[in-house]
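Reader: Hi! I have a new model open and would like to go through it with you. Shall we start?

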Amino acid sequence: MPGRITPRRPGPHRRSGRPRATALGAALAIVLVPALSACGGDAASASGDATLKWTSTYFPAHWDPVVGGSGAQFRELSLVYASLTRTDESGKAVPDLAESWEYNDEGDRITFHLRPGLKFSDGEPVDGAAVKAAVERAQKQKNSALFGDLTSIESVDAKGLDATVNLNQVDYQIPQLLGQRVLQIASPKAAAAPEKLDQNPVGAGPFTVTQIVPGTKAVLKKNPEYWDADNIHIDNVELTSAPDASTVVSGLQTGVYNFADIAPSQADAAKKAGLDVFVQPGFNASNISLNVNKAPFDNDKVVDAVRHAVNRQEFVDKLTFGYGEATNQPFPKGYVAYDPESEDAYPYDPAKSKKLLAEAGYRSGDIKLDLVIPEEDPQAEIVQSQLAAVGITVDIKIDKNWSTPFFAKDLTFSLYGTTGRDSAAQTLTAHFGPDGPLNLSTPYEPEGFEAAIAKVRQTPLDAPEYPQVLREATRAGLDSKALVFTYSQPNLIAKSKSVSGLPKNPAHLDWTGVTIGGKGAAS
Amino acid sequence: MVRRVLSLTSGRIAVAILAVVALLAVLGPLLAPQDPLATSDNTLAAVSGSHWLGTDYLGRDVLSRLLDGSRVSVLGALEVALTALAVGAVPGILSVYLGRVFEWVTLRLADTLVALPFLLFAVAVIALLGNGLTQAMLVTGVLVSPLFYRVSRAATLAVARSQYVEAALICGASVGWVVRRHVWAKVLPPIAVAFAQTIGTGFVIVSSLTFLGIGVQPPEPTWGGLLASDLGYLSHRPWAPLVPAVLIMITVWAGNLLADAIRDVSGEAGRALLKGRGARTGRPERTEPAPAGGA
């Protein structure tokens with residue numbers, strides 16, 4: 001699972017790869033584009049087509065899903081690519097390209113049955129061979145960001161419209177895993193030239209690309225060959241890279257866009273502008289990463305002191321404007337993997353924190369830490385201030401090459417934010433597993449976690465004991481001294497009222513049934 | 001020259017503004033009414049008696065952060081100007097006297113440096129050496145130095161052809177003596193103009209880098225950084241970016257105004273201008289005696 005820093009940074013310092021330098025260009029775009037585009041309004045275009053004008057914080061740098069990985073930009077790529085499964089409003093895997101699937105009795109083999117008659121946009125058939133090619137490419141392509149997600153898969157056998165996935169362990173999470181996050185399926189013919197695919201995506205999703213300006217804009221049109229085309233009522237999509245946070249609302253007001261993810265600081269302005277503002281459910285969770293292999297975190301009392309020094313509500317109040325929520329685990333409250341029993345573990349208690357530091361032999365100011373982050377982030381300033389209150393001095397260090405030492409587990413102290421995964425087991429192993437990419441303390445893992453996560457994999461998702469087994473794994477993982485979860489950043493969306501409501505699929509943006517200007521596309 | 005600059009209204013205004021900015025750089029942290037790094041629950045507060053410029057997104061006092069942040073901006077601009085002066089002016093003068101090889105090499109170097117963009121180069125240096133403003137400003141100073149090189153070289157060339165300088169050299173005077181005795185006085189005014197102008201340029205560069213979050217480690221306040229962070233909360237405090245923006249603008253303007261004033265009072269044209277003003281105001285203008293041997 002590739003690393004993704006906090007999904008949506010509040011305030012002015014938030015976006016990786018698209019910092020404030022874009023402000024001027026964005027401002028010019030806001031001023032000029034409406035004037036030059038015949039003031040198209042915010043609903044259907046002049047031709048009567050329903051056009052989604054989506055400006056996104058996660059405009060894909062790569063259109064090859066294998067290279068893009070399973071991070072937040074999967075939502076944009078899902079416009080083009082379909083998967084074996086997708087998730088419903090409860091987060092459960094439901095049919096997408098595969099109309100059904102079944103496990104063998106042992107639970108170490110699963111066969112997906114694909115819908116008949118489907119084609120990729122280049123005319124290639126969607127069949128078992130395409131699935132096999134997609135899995136093998138994700139496992140073997142040199143620049144794949146997905147091979148860490150597919151460690152349970154031994155091989156894939158293709159036979160007509162069936163794809164049989166052979167596993168190296170019992171794992172009932174596979175339908176959750178092989179959804180839009182991890183296995184968006186590209187045409188094998190197009191994928192034979194991965195460099196070309198990276199800028200000319202060919203999938204079997206609801207839309208096909210007609211134009212891409214790298215890093216800036218993509219134009220898509222409805223794919224009439226999509227298996228659920230009858231329920232896609234959007235004719236065209238104009239996907240653009242979001243400008244600076246402060247100008248997005250202006251763009252929505254003037255009709256340059258009709259759909260955008262926005263920073264919490266902009267929510268009030270968006271509401272005042274008459275836009276629909278809503279929080280799409282998600283699995284976002286931010287955390288402080290500690291390396292217990294390095295001093296001072298090799299001392300359990302220091303780790304506990306940090307745990308008790310964190311006031312999660314301050315993150316919520318100052319960074320989410322009340323739209324987020326405090327969390328001490330990588331799942332939102334109410335989700336099947338959320339463990340209510342762990343809710344009050346390590347409450348905010350600065351007095352206890354100071355006492356623990358004293359017991360560990362540290363006086364106020366003795367501990368000096370570098371908090372290494374990739375870019376300016378108000379979270380870091382809050383951590384700095386909260387730890388200063390208990391006598392730990394934190395220097396914030398911005399390292400543009402942060403990802404290299406972070407994923408090499410060379411850092412002592414850092415921050416991370418995940419957008420979650422559709423498979424709860426995947427989320428847990430990524431954070432708490434001995435080789436989890438988000439476990440800064442590799443090879444450390446909390447006691448009992450490995451057995452607990454194995455039990456999760458071995459439990460069918462529809463088994464009555466599954467929720468309990470999953471929560472026990474979460475509880476075991478939360479014993480980890482390597483992560484202190486802080487808050488959940490909201491997936492805050494602002495849209496024109498002409499765009500109808502979206503299905504509340506957690507962490508996904510599902511365009512099925514969505515209309516623009518009350519118009520349904522001719523299908 | 002100082003007296004001549006101060007005799008102009010524009011000179012007095014520029015010096016006054018720059019003096020205030022310099023004072024802020026020295027005393028700003030002491031004048032800050034509150035701890036500029038102390039967060040509070042009172043976020044994005046409006047102007048009030050306890051927070052004259054309100055609070056930012058973490059509840060920190062904006063006035064205190066502005067005062068505290070002036071030091072980084074001023075020191076950064078000075079660093080650019082002084083580096084450019086040292087790296088540019090000395091080779092510029094010496095290129096006239098140290099032979100054709102030195103002249104050719106320094107001219108080509110100056111041509112090369114002119115071709116490099118300040119900001120991009122500063123960002124690249126920071127990426128290479130770490131996120132610190134000092135190294136970025138030093139490099140930017142080197143990139144600005146061709147201005148001083150050319151100005152000082154041009155002024156030196158004009159003097160070097162003078163009969164009194166050639167006479168001094170024929171009489172056995174050393175190059176160093178000639179430069180100190182005859183050249184420096186002629187080169188100083190254009191260098192002073194360039195220096196004042198570079199102060200303004202330095203401010204723009206420091207503010208640009210800190211606006212982009214480059215060169216300083218949070219939560220250290222800077223004028224550019226405050227401007228950037230305020231832009232993210234326009235809907236809450238729409239006036240907030242004006243304060244750091246106006247401070248940056250006025251400081252840059254003052255640097256340019258000072259450069260203009262120095263230019264106006266330099267050389268024969270400047271003296272003539274001031275004489276004219278003296279005649280109009282009835283006050284005689286003092287002029288420096290002409291250099292020995294005449295110019």
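Reader: How many helices and strands are in the secondary structure of chain A?

Author: Chain A comes to 17 helices and 21 strands. Helices here are DSSP runs of H or I with at least four residues, and strands are E runs of at least two, numbered from the N terminus. A word on the source: this is a predicted model, where local features need pLDDT of at least 70 and side-chain atom pairs count only at pLDDT 80 or more, while totals for chains, interfaces and linings use all residues. Residues are numbered from 1 along each chain as its sequence is written, and chains are lettered from A and ligands numbered from 1 in the order in which they are written.

Reader: Thanks. And how many does chain B have?

Author: Chain B has 11 helices and 0 strands.

Reader: What does chain A span along its principal axes?

Author: The C-alpha trace of chain A spans about 70 × 60 × 40 Å. For chain B, the C-alpha trace spans about 75 × 55 × 30 Å.

Reader: Which residues have the most contacts inside the largest nonpolar core?

Author: They are A:Leu290, A:Val306, B:Phe148 and B:Leu258, in a core of 134 residues. Helix H8 (residues 175-211) of chain B gives the largest share of this core, 14 residues. A second, separate core has 82 residues, including A:Phe59 and A:Ile493. A nonpolar core is a set of buried Ala, Val, Leu, Ile, Met, Phe, Trp, Tyr and Cys residues joined through C-beta atoms within 7 Å.

Reader: What does A:Val306 touch?

Author: Not counting residues up to four places away in sequence, A:Val306 touches A:Ile288, A:Leu290, A:Leu387 and A:Val484. A contact means C-beta atoms, placed from the backbone, within 7 Å.

Reader: Back to that helix in chain B. Is B:Ala194 buried or exposed?

Author: B:Ala194 counts as buried because it has 26 C-beta neighbours inside 10 Å. This residue is in helix H8 of chain B, and beyond its neighbours within four places in sequence it contacts B:Leu147, B:Phe148 and B:Val151.

Reader: Why is helix H9 of chain B largely enclosed by the rest of the structure?

Author: In H9 (residues 223-231) of chain B, 9 of the 9 residues are buried, so the rest of the structure largely encloses it. Among them are B:Trp223, B:Gly224 and B:Asp230.

Reader: Now the interface. How many residues of chain A are in contact with chain B?

Author: 27 residues of chain A are in contact with 19 of chain B. On the chain A side, the largest share, 6 residues, comes from helix H13(A).

Reader: Last topic: in what sense do strands E5 and E6 of chain A pair?

Author: E5 (residues 98-103) and E6 (residues 109-114) of chain A pair in the antiparallel sense over 5 bridges; pairing takes at least two DSSP bridges. They form a hairpin with 5 residues between them, and A:Gly107 in the turn has a positive phi of about 85 degrees.

Technical notes:
A residue is buried if 20 or more other C-beta atoms lie within 10 Å of its own, exposed if 12 or fewer, and partly exposed in between; C-beta atoms are placed from the backbone. Two residues are in contact if their C-beta atoms, placed from the backbone, lie within 7 Å.
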